[in-house]
Amino acid sequence: MIVLNNGAQPLMWNVRPGGKDFRHYLGTVLAHLPHNSVHPYVVWTMASDDNQNWDCTSGHYLEDYKEAQEAFIARRNPCWSDR
């Protein structure tokens, strides 16, 4: 299990190695925001130095879980969504 430093609950995630000029690990996460009743799901880009604790940026906030899953897949595989 990964830990999101902002306290959100990770539901699905994808991790890949970082690289030169990037943090050690990069990824995408679909998380649940239990205190947000309007948009309880979010898809973020995330980064970590230890592959355990993650900082999140660039959120796509959604109210529907199925739409959130679709957004996660599209962000995780951006080249696939263009085909």
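Which pattern does the protein chain follow when read along the sequence?

Author: The protein chain reads β-β-β-β-β-α-α along the sequence. The model is predicted: local features need pLDDT of at least 70, side-chain atom pairs count only at pLDDT 80 or more, and totals for chains, interfaces and linings use all residues. Residues are numbered from 1 along each chain as its sequence is written, and side-chain values use heavy atoms, with hydrogens and water left out.

Helices (H or I, at least four residues) and strands (E, at least two) are DSSP runs, numbered from the N terminus. By that count the protein chain has two helices and five strands. Its radius of gyration, taken over C-alpha atoms, is 13 Å, close to the 12 Å of the globule rule for 83 residues, so the chain is as compact as a globular protein of that length. The rule is 2.2 Å times the number of residues to the power 0.38.

The five strands form an open sheet with mixed pairing, in the order 1-5-4-3-2; two strands pair if DSSP finds at least two bridges between them. Strand 1 (3-4) and strand 2 (9-17) are at the edges with a single partner strand each, so one side of each has no neighbour in the sheet. Strand 1 runs parallel to strand 5 (residues 53-62), and two bridges join them. Leu4 is opposite Trp54 of strand 5.

For the chain as a whole, 30% of the 83 residues are buried, meaning under 20% relative accessible area with a 1.4 Å probe, protein chains only.

Methods
Buried means under 20% relative accessible area, exposed over 50%, partly exposed in between (1.4 Å probe, protein chains only).
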